[in-house]
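I opened this entry to keep track of what I looked up in one protein model. The notes follow the order in which I checked things.

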Amino acid sequence: MTSLLNAIKMNTTTTTLNGDVAQTTTGNALLDYVALIGGMRNATESSIIHIFKNAFRENSVKALQLLFYTRDIPNRGGGGLGERRIFYTIYMYLVQNNSEIALALGSLIPEYGSWRDVRELAKMCFKSGEMEFAKNLIEYQTYVIFTQQDNKLAAKWAIDENEK
């Protein structure tokens, strides 16, 4: 109840298209993330990162869980949103601003997304100058290809030496 009162005190009201008064925030950054992120497919990168940063400040572990909920592919048995671009935007933000966390979460990418995501993120890392991080993603993918039985998709989506 306190967060609702704080939100009211901060004058966080707006007017809807119908002219009704509505709150612009729930007073809980994690709840705001859940409420807004699914509708941000075409939002700017800065808007996406802003929503995530607020949630991360409030509770980093839950914000990271929500990040993977955002990417979790629904038709593979996951209950997530399946949002690729939003996930890439936030993950690249982590790579550039909190690489230890991004690196620790790297092995979860194919579990909640796909090996294609690992490939695309590695390419994004190369383009943004994060060579060491791209190398770590490729090394993890190579490790899976050579050590695990179920490695067909990891091999299919491996980066080709001629790709840029």
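**Overall make-up.** I am working from a predicted model. I looked up the secondary structure and found 10 helices and 2 strands. Reading from the N terminus, I noted the order α-β-β-α-α-α-α-α-α-α-α-α. The protein has 164 residues, and 35% of them count as buried. I also checked the contacts with a separation of 6 or more: 54% of them join residues 24 or more positions apart.

**H5 and H8.** Next I looked at helix H5, residues 84–97, and helix H8, residues 115–128. Their axes lie 11 Å apart, and the packing angle is about 50°. The crossing of H5 past H8 is right-handed.

I then listed the residues that meet. H5 contributes Arg84, Phe87, Tyr88, Tyr91, Met92, Val95 and Gln96. From H8 come Arg116, Asp117, Glu120, Leu121, Met124, Cys125 and Ser128. I sorted the residues of this contact into 8 nonpolar, 4 charged and 2 polar.

**Aromatic rings.** How many aromatic pairs are there? I got a count of 8, taking rings as paired if their centres lie within 6.5 Å. Which residues form one aromatic cluster? I wrote down Phe68, Phe87, Tyr88, Tyr91, Tyr112 and Phe133.

Technical notes. Residues numbered from 1 in each chain as written. Predicted model: local features only at pLDDT ≥ 70, side-chain atom pairs only at ≥ 80, totals over all residues. Heavy atoms only, no water. Phe/Tyr/Trp six-rings, centres within 6.5 Å; stacked < 30°, edge-to-face > 60°. Axes fitted to C-alpha atoms, helices over the stretch in contact; angles between N-to-C directions. Helix = DSSP H or I, 4+ residues; strand = E, 2+ residues; numbered from the N terminus. Left-handed = near helix turned anticlockwise from the far one by under 90°. Contact = heavy atoms within 4.5 Å. Nonpolar A, V, L, I, M, F, W, Y, C, P; charged D, E, K, R; others polar. Buried < 20%, exposed > 50% of the residue type's maximum accessible area, 1.4 Å probe, protein only.
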